[in-house]
Structure formats: C-alpha cells, structure tokens
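These are my notebook entries on a model that I went through element by element. I wrote down what I looked up, in the order in which I looked it up.

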Amino acid sequence: MRLLIPEIFDRVQKATTTEQRKAVLLQNNTPVLQDVLKINFHPGVTMKLPPGEPPFNKQKAVPTGLAETNLYREMRRFYTWISPPPNLTRVKAEILFIQMLEAINLKEAELVCAIKDRKLTDLYPAVTEDLVR
C-alpha cells in the first residue's frame with residue numbers, strides 16, 4: 001500500500017542513519033514525492049502565494065487516509081500556484097489554495113504550507129537538501 005507523503009517523512013524522521021533515510025525515500029519514491037521535494041528545495045520553483053499559513057478551517061480536518069482527497073490527487077493542480085494562468089487573479093488562486101487545504105487531511109495541509117514557504121526542514125528536520133540530492 002502506498003504511504004501518504006507525511007507518513008513517508010515520519011518514517012524518514014524515525015530512521016537513525018542517513019543511509020536508512022535515503023532508503024526510505026527511495027522505497028517510497030513517486031512523482032508526487034519528487035514534486036514535493038522539488039517545490040521545497042529547487043531555487044527555480046516558487047509558489048506564487050503570500051507567505052505564512054492561510055486562514056483555512058482546520059476543524060474540517062479528518063483522520064489521515066479518510067479525507068475526500070489527498071496530495072497524490074491534488075498535486076496535478078499545483079500548476080495553479082507555481083505558474084498560474086494569466087486570467088487567474090491572486091484572490092482566486094488563494095481561494096483555490098484554501099479549498100485544497102480544507103479537502104486534504106491536516107498533516108498534508110501542514111506539509112503543503114511548509115513546502116510553500118520552503119520550510120519543510122522546520123517540520124521534518126531529517127529531510128534536508130543534502131539528503132534528497
């Protein structure tokens with residue numbers, strides 16, 4: 001069974017050596033995991049959203065794995081915030097982002113907010129740029 005992205009990073013956190021951490025990432029390597037790491041660590045990729053956590057309703061949070069959608073399904077919509085279409089206003093982009101955060105589970109929403117601001121290492125200290133290279 002495929003692990004959710006925060007579950008992969010939790011396992012990386014629990015690993016004790018760099019080799020074990022790399023092995024966890026390689027065993028769970030998916031295009032979505034690669035995109036998450038690229039958004040966070042690649043200097044040429046930025047999300048065109050204001051910094052900080054947006055005001056989304058955390059009360060709608062559902063247990064991990066029971067959300068109506070997940071990061072694997074929602075990653076295809078990230079072009080909206082990385083290279084937005086010219087007719088998409090900033091307000092509409094922010095509304096779409098908040099709607100996506102409310103649709104996924106809370107751990108994934110926290111992860112998305114962290115990668116948006118390039119703070120994945122603050123959330124998961126074991127996941128560093130040197131590790132993912």
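This is a predicted model: local features need pLDDT of at least 70, side-chain atom pairs count only at pLDDT 80 or more; totals for chains, interfaces and linings use all residues.

Residues are numbered from 1 along each chain as its sequence is written, and side-chain values use heavy atoms, with hydrogens and water left out.

Entry on R118. I noted a positive phi of about 60° at R118, although R118 is not a glycine. For exposure I used relative accessible area, with buried meaning under 20%, exposed over 50% and partly exposed in between (1.4 Å probe, protein chains only). R118 counts as partly exposed because its relative accessibility is 31%.

Entry on α1. Which residues of helix α1 (residues 5-14) are buried? I found I5, P6, I8, F9 and V12. Seen down the axis of α1, these buried residues fall within an arc of 155°, so they line one face of the helix; the arc is that of the directions from the helix axis to the C-beta atoms. Taking contact as heavy atoms within 4.5 Å, I saw the buried residues of α1 pack against α2 (18-27), α3 (31-41), α4 (71-74), α7 (106-116), α8 (120-123) and α9 (129-132).

R11 is also found in α1, but at 48% relative accessibility R11 counts as partly exposed. Not counting residues up to four places away in sequence, R11 touches L3 and V24.

Entry on α9. D130 has its place in helix α9 and, at 64% relative accessibility, counts as exposed. I recorded that D130 and T18 are 112 residues apart in sequence and 9.9 Å apart in space, C-alpha to C-alpha.

Entry on the core. I defined a nonpolar core as a set of buried Ala, Val, Leu, Ile, Met, Phe, Trp, Tyr and Cys residues joined through side-chain atoms within 4.5 Å. The largest such core has 39 residues, and those with the most contacts inside it are I5, F9, F78, W81 and L120. Two or more residues are given to this core by each of α1, α2, α3, α4, α6 and α7, and the largest share, 6 residues, comes from α3. Leaving aside neighbours within four places in sequence, I listed I39, M47, L71, M100, V112 and I115 as the contacts of F78.

Entry on α6 and α7. At what angle do helix α6 (residues 90-103) and α7 pack? The angle is about 140°, with the axes 8 Å apart; axes are lines fitted to C-alpha atoms, for helices over the stretch in contact, and angles run from 0 to 180 degrees between N-to-C directions. On the α6 side F97, M100 and L101 meet A109, V112, C113 and K116 of α7.

Entry on T69. I found T69 in the loop between α3 and α4, where T69 counts as buried because its relative accessibility is 9%. Its side chain makes a polar contact with the side chain of E74 (3.0 Å), a polar contact being a pair of N or O atoms within 3.5 Å; within protein, one must be able to donate a hydrogen and the other to accept it, and residues adjacent in sequence count only if both atoms are side-chain atoms.

How values were computed: Helices (H or I, at least four residues) and strands (E, at least two) are DSSP runs, numbered from the N terminus.
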